[in-house]
Amino acid sequence: MMTEETKTNEISSWTHVYSGKVRDVYVAAGASNHRGEDSYLMVASDRISAFDYVLPTQIPDKGKILTQLSVWWFEQLSDLAYNHLISTNVPAEVQGRGMITQVLNMFPIECVARGYLTGSGLVEYKETGAVCGVPLPSGLDEASRLDSPIFTPAAKAQLGEHDENVSFEEMTARIGESDARKLRLQTIQLYTRAHEIAAERGIIIADTKFEFGRSTNTGEPDIILADEVLTPDSSRFWQMDKYEPGKVQPSLDKQFVRNWLMSPESGWDRTSGELPPELPEEVVARTRDRYIEAYETLTGRHWQ
């Protein structure tokens, strides 16, 4: 299957300035409706990352799915949070994968909300009885639903390094108490609403991460939701009709890729320091299918 990867010299009137794990960022150049320092062109590629590595294999249509699902969620949550989206009227080369967005001063924190116990949260809970300093009741197991969602922030690392789970107190020390409290409240409010919306459509959002920034222009809203929102890359999506506490849940997200990388079939040891291997065609196809199913189930729209 072919992917739609854009080279930095293929977008007219825009200049490439940065590439993250899966996104490329451009600023306006020459004659452009968005010329200036107040907007970016953010393009989601078909790259996929796992365990802080960008994998050598891409997932066809992934960039479009993530972008269009994020735009849909921005609409659903617009009464709860301002967001960075200006327009989806982007150059033809990146149609469907690009967004014109505000330039923000980003908080160096990934704001994670967990409504269920799994992944690194479960590992930490088994060791300490808490997650990021939030104490939890005893007797919880894989996929246990929490009495109420918890906020478990992570300090964002440089590209290629590992994000670091931190306590709310450590987050407060880094960005200040007022902003820390605002981000925690906003994160829980957004997760709670999104969980309700997804549940109506048969999907459990087990956990998700949000990123926020502050406008570079005076007079703008104080806290602005940015980056991707509630996608299969930033969230765990479980099928409600298959949910069974006490066991690992089938998911509609990139956990499928992580699981293959950790399996004997991949032949890869994540502690070895070696780059991950290429993904088999079957894993690529089944991952793409999961992303499409998540998009169609949540939005009610047919993937083109």
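Arg23, Met42, Ala44, Leu66, Thr67, Ser70, Met99 and Glu228 line the largest cavity of this predicted model. The space inside comes to about 30 Å³. A search of the whole structure finds one cavity of 30 Å³ or more. Two elements give two or more residues to its lining: strand E3 (39-44) and helix H1 (62-76). H1 gives the most, with three residues. By type, the lining divides into four nonpolar, two polar and two charged residues.

**Strand E16 and its partners**

How many of the 13 residues of strand E16 are buried? The count is 12, so E16 (residues 203-215) is largely enclosed by the rest of the structure. E16 pairs in the antiparallel sense with strand E9, with strand E10, with strand E17 and with strand E18. The table gives the bridges for each pairing.

| Partner of E16 | Residues | Bridges |
|---|---|---|
| E9 | 104-106 | three |
| E10 | 109-116 | four |
| E17 | 224-226 | three |
| E18 | 235-239 | five |

Lys209 of E16 stands opposite Val112. Glu211 is set against Ala226 in E17. Arg214 of E16 lies opposite Asn105.

**Aromatic pairs**

The count of aromatic pairs comes to nine. One of them joins Tyr53 and Trp268, edge-to-face, with 5.7 Å centre to centre and 85 degrees between the planes. Tyr53 belongs to strand E5 (residues 53-54), while Trp268 sits in the loop between helix H5 (255-262) and helix H6 (281-299), so the pair ties together parts that are 215 residues apart in sequence. Is Trp268 buried or exposed? Its relative accessibility is 10%, and buried means under 20%, so Trp268 counts as buried.

Phe151 lies in strand E13 (residues 145-151) and Phe168 in helix H3 (residues 168-175), 17 residues apart. Both Phe151 and Phe168 are buried.

**Charges over rings**

Phe168 has a charged neighbour too. The charged end of Arg184 sits over the Phe168 ring, 3.9 Å from its centre. Elsewhere, Arg290 lies over the face of Phe256, at 4.0 Å from the ring centre.

Technical notes: Residues are numbered from 1 along each chain as its sequence is written. This is a predicted model: local features need pLDDT of at least 70, side-chain atom pairs count only at pLDDT 80 or more; totals for chains, interfaces and linings use all residues. Side-chain values use heavy atoms; hydrogens and water are left out. Buried means under 20% relative accessible area, exposed over 50%, partly exposed in between (1.4 Å probe, protein chains only). Two strands pair if DSSP finds at least two bridges between them. On a 1 Å grid over the protein atoms alone, a cavity is a set of points where a 1.4 Å probe fits but cannot get out, and a pocket is an open set with protein on both sides within 12 Å along at least five of seven lines; lining residues have an atom within 4 Å of a point. Grid points are joined across faces, edges and corners, and a volume is the space filled by probe spheres set on the points. Ala, Val, Leu, Ile, Met, Phe, Trp, Tyr, Cys and Pro count as nonpolar, Asp, Glu, Lys and Arg as charged, and the others, Gly among them, as polar. Rings of Phe, Tyr and Trp (its six-membered ring) pair if their centres lie within 6.5 Å; planes under 30 degrees apart count as stacked, over 60 as edge-to-face and the rest as tilted. A charge sits over a ring if NZ of Lys or CZ of Arg is within 6 Å of the ring centre and within 35 degrees of the ring normal.
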